Amino acid sequence: MAMKVYTLGEVEDRYIGQVGTPKRDEYEMKVKAEIEAYHVGEALKQARLALGLTQEEVGERMGLHRAQVCRMESGKSITLASMMRAFRALGVEVALEMKGIGKVAL
């Protein structure tokens, strides 16, 4: 008996909606935001490790608990303000590319 295998796209189409529908667009935006948050968290983690710091030490520099730093590094509970605070605590210069404005150093 052969089992039917579905692609991720087929599953998304069936359970979330076709590409271009409001529900699918909302889903795609959420997925993109979560992936970006993960990458920011990884960048924070790599900067911390390059400096040989523990999450606790970074938390002390930021005035946060270690668990909060851990959540940020995993891409959860990360806002632009907390991200900038973390990078500053690590001594990392950050520049953002803003639509219509260009590159902005923070």
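Glu 28 is partly exposed, with a relative accessible area of 35%; here buried means under 20% relative accessible area, exposed over 50%, and partly exposed in between, with a 1.4 Å probe and the protein chains only as cover. The model is a predicted one, in which local features need pLDDT of at least 70 and side-chain atom pairs count only at pLDDT 80 or more, while totals for chains, interfaces and linings use all residues. Residues are numbered from 1 along each chain as its sequence is written, and side-chain values use heavy atoms, with hydrogens and water left out.

A salt bridge is taken as a side-chain nitrogen of Lys or Arg within 4 Å of a carboxyl oxygen of Asp or Glu, and a search of the whole structure finds five of them. In one of these, Arg 24 is paired with Glu 28, and the closest N and O atoms are 2.8 Å apart. The two residues are separated by about one helical turn because they stand four residues apart in helix H2. Helices (H or I, at least four residues) and strands (E, at least two) are DSSP runs, numbered from the N terminus.

Arg 24 also forms a salt bridge with Asp 13, where the closest N and O atoms are 2.6 Å apart. This pair links distant parts of the chain, with Asp 13 in helix H1 and Arg 24 in helix H2, 11 residues apart. Arg 24 counts as buried because its relative accessibility is 5%, whereas Asp 13 is partly exposed, with a relative accessible area of 27%. Glu 12, Asp 13, Arg 24 and Glu 28 are linked in a network of salt bridges.

Being four residues apart in helix H2, Lys 30 and Glu 26 are separated by about one helical turn. Lys 30 is partly exposed at a relative accessible area of 49%, and Glu 26 counts as partly exposed at 42% relative accessibility.

Turning to the overall fold, the secondary structure comes to five helices and two strands, which follow the pattern α-α-α-α-α-β-β along the sequence. Of the 106 residues in the protein, 25% are buried.

Grid points are joined across faces, edges and corners, and a volume is the space filled by probe spheres set on the points. The search of the whole structure finds one cavity of 30 Å³ or more, and the largest cavity has a volume of about 40 Å³. The lining of the largest cavity is made by Leu 44, Arg 48, Val 58, Val 69, Met 72, Glu 73, Ala 86 and Leu 90. Two or more of these lining residues come from each of helix H2 (22-50) and helix H4 (66-73), and H4 gives the most, with three residues. By class, the lining divides into six nonpolar, no polar and two charged residues; Ala, Val, Leu, Ile, Met, Phe, Trp, Tyr, Cys and Pro count as nonpolar, Asp, Glu, Lys and Arg as charged, and the others, Gly among them, as polar.

Thr 54 sits in the loop between H2 and helix H3 (55-62) and is partly exposed, with a relative accessible area of 39%. The C-alpha atoms of Thr 54 and Val 69 are separated by 9.7 Å, the two residues being 15 apart along the chain. Val 94, in the loop between helix H5 (80-89) and strand E1 (95-98), counts as buried at 13% relative accessibility. Val 94 and Met 84 are 10 residues apart in sequence and 7.8 Å apart in space, C-alpha to C-alpha.

Tyr 6 belongs to the segment before helix H1 (8-15) and is partly exposed, with a relative accessible area of 48%.

Methods:
On a 1 Å grid over the protein atoms alone, a cavity is a set of points where a 1.4 Å probe fits but cannot get out, and a pocket is an open set with protein on both sides within 12 Å along at least five of seven lines; lining residues have an atom within 4 Å of a point.
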